[in-house]
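Please read the following note with the model open beside it. The points go from one residue to its partners, and then to the chain as a whole.

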Amino acid sequence: MSPKVARGLLPLLAGVFAASLATSALAQEDSLLDWSQTAARGVFDLCRSDAPDAARVAEHGEVWGWPSFQGYQEHPEGYRREAGGDSRRDYQLGDASTYVEATVQSGTVPSVAPADVRYFRCNTDSDQPVNPDLKTYFTGLYGPPTSDTGAGTVWLTGAALTPAATGEGPDAEAAALKAVAAAGPGKQGMRIELTRERGLDRAKLTLFRNGPAPDAAQ
């Protein structure tokens, strides 16, 4: 992996990004599943383009057809959210309907001080079985999953690649955070998790960066 890619989820080339989103927005889908897969991939295209700034993701999401991202009250324990919101797109096909919900947030993680760790999250929920398609999507980007069990599928990159982070849920995410915090300034890592819970396919992408905000570093 090149140093440019290793620095994280950097903006895609503008022309490729715009073409991809335009195609997603205009595609006439043949089924509820087709539409949901396209919408879920579109969320992660947006996040990969604008991370680690959740405000930019929301702004560009609205440009490409997502309803306004609404603020919410979630404050993960030990985290300080600085930007974020959630949005939901619905799709009707005949008498049936479906939806994809997107949630983004970014900020700092004071609980790991003195390490100066920032975080970015990009999550989707869908009532359609979109995770097999997202598994193909993320495998194409990051290679085979680090862990793939009946409970879920996990990718780990960079300093987040630690055995304790291969499980599912908050404890595994906390292990990825601790690994990045311990790795020292300039290190970063990402954790992606696909699960199915309560009839919903859930995808969670979390990026941890050990170091000050980009503007502060300039």
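1. Does Y142 count as buried, partly exposed or exposed? At 24% relative accessibility, Y142 counts as partly exposed. Here buried means under 20% relative accessible area, exposed means over 50%, and partly exposed lies in between, with a 1.4 Å probe and protein chains only.

2. The model is predicted, so local features need pLDDT of at least 70 and side-chain atom pairs count only at pLDDT 80 or more, while totals for chains, interfaces and linings use all residues. Residues are numbered from 1 along each chain as its sequence is written, and side-chain values use heavy atoms, with hydrogens and water left out.

3. The chain contains seven helices and seven strands, in the order α-α-α-α-β-β-β-α-β-β-α-β-β-α along the sequence. These elements are DSSP runs numbered from the N terminus: helices are H or I with at least four residues, and strands are E with at least two. Of the 218 residues in the chain, 47% are buried. Among contacts between residues at least 6 apart in sequence, 61% join residues at least 24 apart; a contact means heavy atoms within 4.5 Å.

4. The aromatic rings deserve attention. A pair of aromatic rings is described by the distance of the centres and the angle of the planes. Rings of Phe, Tyr and Trp (its six-membered ring) pair if their centres lie within 6.5 Å; planes under 30 degrees apart count as stacked, over 60 as edge-to-face and the rest as tilted. Six aromatic pairs are found in the whole structure. In one of them, F44 and F138 have ring centres 5.1 Å apart and planes at 75°, so this pair is edge-to-face. Because F44 belongs to helix α3 (residues 32-50) and F138 to helix α5 (residues 131-142), the pair ties together parts that are 94 residues apart in sequence.

5. F44 is buried at 0% relative accessibility, and F138 is buried with a relative accessible area of 0%. The rings of F138 and Y142 have centres 6.5 Å apart and planes at 20°, so they are stacked. Both residues lie in helix α5, four residues apart, which is about one turn of the helix. One aromatic cluster takes in F44, Y137, F138, Y142 and W155.

6. D133 is buried at 16%, whereas R41 is partly exposed at 27%. The structure holds eleven salt bridges, each a side-chain nitrogen of Lys or Arg within 4 Å of a carboxyl oxygen of Asp or Glu.

7. R88 takes part in two kinds of interaction. Its side chain meets that of D90 in a salt bridge of 3.0 Å, N to O, and its charged end sits over the ring of Y99, 3.7 Å from the centre. A charge sits over a ring if NZ of Lys or CZ of Arg is within 6 Å of the ring centre and within 35 degrees of the ring normal. R88 is partly exposed at 37%, and D90 is exposed at 52%.
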